[in-house]
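Let us walk through a protein model, one feature at a time. Keep the structure in view as you read.

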Amino acid sequence: ALAIVSLFTVKWTFLIFMAAVVGLGLWELGRALGEREIRLPEPPIAVGGALMLALAYTNGTRPLVAALAVTVIGVLAWRMPGGSAGYLRDITAGLFALAYLPLMASFVGLMLAAPDGARRVLAFIILPVCSDVGGYAVGVLAGRHPMAPVISPSKTWEGLAGSVAACVVGGVLVLTLLLHGTWWQGIVLGLAAVAAATLGDLSESMIKRDLQIKDMGRVLPGHGGILDRIDSLLITAPVVWLLLTIFLN
């Protein structure tokens, strides 16, 4: 509700909302990595990530790339006073966190900057939700065959079929009703979104298994952490941005 209200009133306020969510996700990731004695260089990632998000919205792709490069330099420099022990490990984790959270979120800023940016971002939010809801509903009702039992035991091929069906329907509806595209573009968008959302969900499950934790945090009782809720959104953002740029520009 907060996302929708901010999108369709003063849309740049959505960036503040999103930056807060990404910041919480970064904090959760830092705590989880700390359990394995990996020191995440959070300050330069947080500052550089906020700059990347703002520049993506106000100035576009080139300043975003420049801010990304400067933030990489900041990560390298910030960790240096901590000594050489674990330096490569920590900066590798830092660069992963930078790409996984602020960089992915910056594509939402790029979408929001378009004249119809609020509708593009709403379409982006709807598609991973369709994937999650379709997969959960069909998986609970008819799930029999595990899809990736080692990574995520609850996921089934039947649930994936539900995700695909829901995403394709959602893609057609958002492209034709929200963005004045064509039905076939909606099908392509839906298929790409479900692939990205599923990959995002499975990737975060792999991270948690590697770190030997069940949830990234406890911010959302009954759900886990912020990262447990935005994992599919993060990976879907650049995919949706790219396809909408091709289809609508």
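How many aromatic pairs does the structure hold? It holds four. Rings of Phe, Tyr and Trp (its six-membered ring) pair if their centres lie within 6.5 Å; planes under 30 degrees apart count as stacked, over 60 as edge-to-face and the rest as tilted. F96 and Y100 are stacked, because their ring centres are 5.2 Å apart and their planes meet at 15 degrees.

A word on the source: this is a predicted model, where local features need pLDDT of at least 70 and side-chain atom pairs count only at pLDDT 80 or more, while totals for chains, interfaces and linings use all residues. Residues are numbered from 1 along each chain as its sequence is written, and side-chain values use heavy atoms, with hydrogens and water left out.

F96 and Y100 both sit in helix 5 (residues 87-112), four residues apart, or about one turn of the helix. Helices here are DSSP runs (H or I, at least four residues), numbered from the N terminus. F96 has 35% relative accessibility, so F96 counts as partly exposed. Y100 has 7%, so Y100 counts as buried.

W184 and F247 form an edge-to-face pair, 5.7 Å centre to centre with 75 degrees between the planes. W184 lies in helix 8 (residues 183-211) and F247 in helix 9 (residues 226-248), so this pair ties together parts that are 63 residues apart in sequence. W184 is partly exposed at 43%. F247 is buried at 17%.

Now look inside. In soluble globular proteins, nonpolar side chains tend to be buried together. A nonpolar core is a set of buried Ala, Val, Leu, Ile, Met, Phe, Trp, Tyr and Cys residues joined through side-chain atoms within 4.5 Å. The largest one here has 61 residues. F14, L101, V108, V121, L189 and L227 have the most contacts inside this core. Helix 5 gives the most to this core, with 13 residues.

Finally, turn to the loops. E37 lies in the loop between helix 2 (13-34) and helix 3 (42-58). Its phi is near 60 degrees, a positive value in a residue other than glycine. E37 is exposed, with a relative accessible area of 62%. Q212 lies in the loop between helix 8 and helix 9. Q212 also is not a glycine, yet has a positive phi of about 60 degrees. At 69% relative accessibility, Q212 counts as exposed.

Technical notes: Helices (H or I, at least four residues) and strands (E, at least two) are DSSP runs, numbered from the N terminus. Buried means under 20% relative accessible area, exposed over 50%, partly exposed in between (1.4 Å probe, protein chains only).
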